[in-house]
Amino acid sequence: KLFFEVIRMAKQKFKFSIHLHTLMGNHYHLKLKLSGDGESISKVMHWINFMVAVKYNQLTGHKGRLWRERFKSYVLNDLAYFLNTAAYIIENPRRAGISSVDNYPFGTGIYLYQLVHPFPEFEQYRGLFEEPYAGYYDQIKRIIAEREMDKKACAAIISMAPRSCGRPKK
């Protein structure tokens, strides 16, 4: 909740929209778009990281840094890169072995797959995230589903391959 509240405050302070996010144990992913003249990604991210750390430290008594690394940012100027980055962000908990894509409560993915958040106190944050264009979230869900089908197809092919062709030993 602390992270979401800081994001809410940041959206009031700076001009940007958030398309997707995933909050993990030691890092997070944001897919955002600056919308104000003179806004700086460095300024926005510094403010978010600083405020989350200060509030977390006050709440827990922790001292010092909270995030492992400084933020990284990339310009997504190609549609395929734009969509694949979105799928990467949503799939992060599954790749880490934490949760399925549709059930992770600390990422935008839950809002794409669940009509109501499983933790009622988080439902209020649904409006923080905006589709950059109509159908964007459906495209992301399609990409994720296709990747799952590809993964299953590859696993089936590997399981049928003779051991002499490089089939992994069990």
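Biologist: Is Phe106 buried, exposed or partly exposed, and what is its relative accessible area?
Modeller: Bearing in mind that this is a predicted model, Phe106 comes out as partly exposed, because its relative accessible area is 30%, and the cut-offs are under 20% for buried and over 50% for exposed.

Biologist: How many aromatic pairs does the structure hold?
Modeller: There are 15 aromatic pairs in the structure. One of them is formed by Phe4 and Tyr125, whose ring centres are 4.7 Å apart with the planes at 10 degrees, so this pair is stacked.

Biologist: Where do Phe4 and Tyr125 lie?
Modeller: Phe4 belongs to helix α1 (residues 2-13), whereas Tyr125 is in the loop between α4 (109-113) and α5 (136-160), so the pair ties together parts that are 121 residues apart in sequence. Both Phe4 and Tyr125 are buried.

Biologist: And Phe106 with Phe119, what kind of pair is that?
Modeller: That pair is tilted, because the ring centres of Phe106 and Phe119 are 6.2 Å apart and the planes are at 40 degrees. Phe106 lies in the loop between α3 (79-95) and α4, and Phe119 in the loop between α4 and α5, so here the linked parts are 13 residues apart in sequence. Phe119 is partly exposed, with a relative accessible area of 34%.

Biologist: Which residues do ring pairs link into a cluster?
Modeller: The cluster joined by ring pairs consists of Phe3, Phe4, Tyr28, Tyr104, Phe106, Tyr111, Phe119, Phe122, Tyr125 and Phe129.

Biologist: Switching to charges, which ring does Lys31 lie over, and what about the charged end of Lys141?
Modeller: Lys31 lies over the face of Phe82, at 3.3 Å from the ring centre, while the charged end of Lys141 sits over the ring of Tyr113, 5.3 Å from its centre.

Biologist: Now for α1, which of its residues are buried?
Modeller: The buried residues of α1 are Phe3, Phe4, Val6, Ile7, Ala10 and Lys11. They cover an arc of only 160 degrees around the axis, which means that they are on the same side of α1.

Biologist: What do the buried residues of α1 pack against?
Modeller: They pack against β1 (16-23), β2 (28-34), α2 (41-60) and α4.

Biologist: Which exposed residues are on the face turned away from the buried side of α1?
Modeller: That face of α1 carries Gln12 and Lys13, which are exposed.

Notes: Residues numbered from 1 in each chain as written. Predicted model: local features only at pLDDT ≥ 70, side-chain atom pairs only at ≥ 80, totals over all residues. Heavy atoms only, no water. Phe/Tyr/Trp six-rings, centres within 6.5 Å; stacked < 30°, edge-to-face > 60°. Helix = DSSP H or I, 4+ residues; strand = E, 2+ residues; numbered from the N terminus. Buried < 20%, exposed > 50% of the residue type's maximum accessible area, 1.4 Å probe, protein only. Lys NZ or Arg CZ within 6 Å of the ring centre and 35° of its normal. Arc of directions from axis to C-beta. Contact = heavy atoms within 4.5 Å.
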